[in-house]
Amino acid sequence: MPEADEVDDEEEMPLSLRLSIADTLTLGNATCGFMAVYFTTTGILIPHLTDSQESGMARNSAATAVILMLCAAVFDLFDGLVARKLRSSPMGAELDNLSDLISFGLAPAYFVLVYGMVADDASQKVAAVGAVVVLLAVVLRLARFSCVTVKDGTFQGMPSPFGALTVVSIVLLELPFVATLLAILGTAWLMVSRVEYPKPRGRLAVGMLSWIVLGMGLLAAWAFGAPGGQLLLQTGCALQLVMGAVIPLFATARRVNNFRDNRREARAAQLP
């Protein structure tokens, strides 16, 4: 009898651990996040520590790292869509959280840390504190997402992919260090706040994908020194910050309109 139980367990385990298409996309998300850390280390940090840093190589490595985070956001966008259309394995939710932690928690936090080490006007210790705050904000946000149920169609707090892209956009803007740090801390607060953000579905998902592709193009133009590439990149980064502040207003406006409609219906129901 024990031998029969062991055979049954061996036959059931592969079924429960079988990866779906959505899970494969999620693993692509994690891979992009790890490679972003790799390029940040080999192309920016190590050359700086060995006094062999070239501005062109650092620019290319920074662009590559951010493009990989953008690719991770694409994988994160599509794994949810595929999971809803097809199916996900029992590990789907856990894989998604772990991958998001790598790509949108560790990678941008490490980007901030390295920025504090290589920038002329930055403080390494203060930047390290900012990096830890970003990482912990993503950890708390992902944990809350797994435990708290919110109404359909919205996120509570800035989604971690959007937050990660906003953090790296702040760094790429090359603002004064104090302004950069305050903007990063503000983004971390938005990720753990109760501010509502709409989920990327339908036209919004298409718009987000288009914005990501445009961001990749701007980063490539900047990396290869195209005419006006610096200005185009800074414009795109500034727009990312503006969207982070403006997008919640749409969810707020919709909530206010729904509240007004419900109040009108309640008043109409009370009339004789």
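**Exercise 1. How many cavities of 30 Å³ or more does the count come to?**

This is a predicted model, where local features need pLDDT of at least 70, side-chain atom pairs count only at pLDDT 80 or more, and totals for chains, interfaces and linings use all residues. Residues are numbered from 1 along each chain, and side-chain values use heavy atoms, without hydrogens and water.

Step 1. Apply the rule: on a 1 Å grid over the protein atoms alone, a cavity is a set of points where a 1.4 Å probe fits but cannot get out.
Step 2. The count comes to 1 cavity.
Step 3. The largest cavity holds about 200 Å³; a volume is the space filled by probe spheres set on the points.

**Exercise 2. Describe the lining of the largest cavity.**

Step 1. Lining residues have an atom within 4 Å of a point. There are 15, and Leu70, Ser169, Gly215, Leu219 and Gln240 are the closest to the centre.
Step 2. Sort by class: 11 are nonpolar, 4 polar and none charged. Gly counts as polar here.
Step 3. Assign elements, with helices taken as DSSP runs (H or I, at least four residues). Helix 8 gives the most, 5 residues.

**Exercise 3. Which residues of the largest nonpolar core touch the most other members?**

Step 1. Define the core: buried residues (under 20% relative accessible area, 1.4 Å probe) of the nonpolar kinds listed for it, joined through side-chain atoms within 4.5 Å.
Step 2. Of its 45 residues, the answer is Met69, Phe111, Leu172, Ile184, Leu219 and Trp222.
Step 3. Helix 3 gives the most to this core, with 10 residues.

Conventions: On a 1 Å grid over the protein atoms alone, a cavity is a set of points where a 1.4 Å probe fits but cannot get out, and a pocket is an open set with protein on both sides within 12 Å along at least five of seven lines; lining residues have an atom within 4 Å of a point. Helices (H or I, at least four residues) and strands (E, at least two) are DSSP runs, numbered from the N terminus. Buried means under 20% relative accessible area, exposed over 50%, partly exposed in between (1.4 Å probe, protein chains only).
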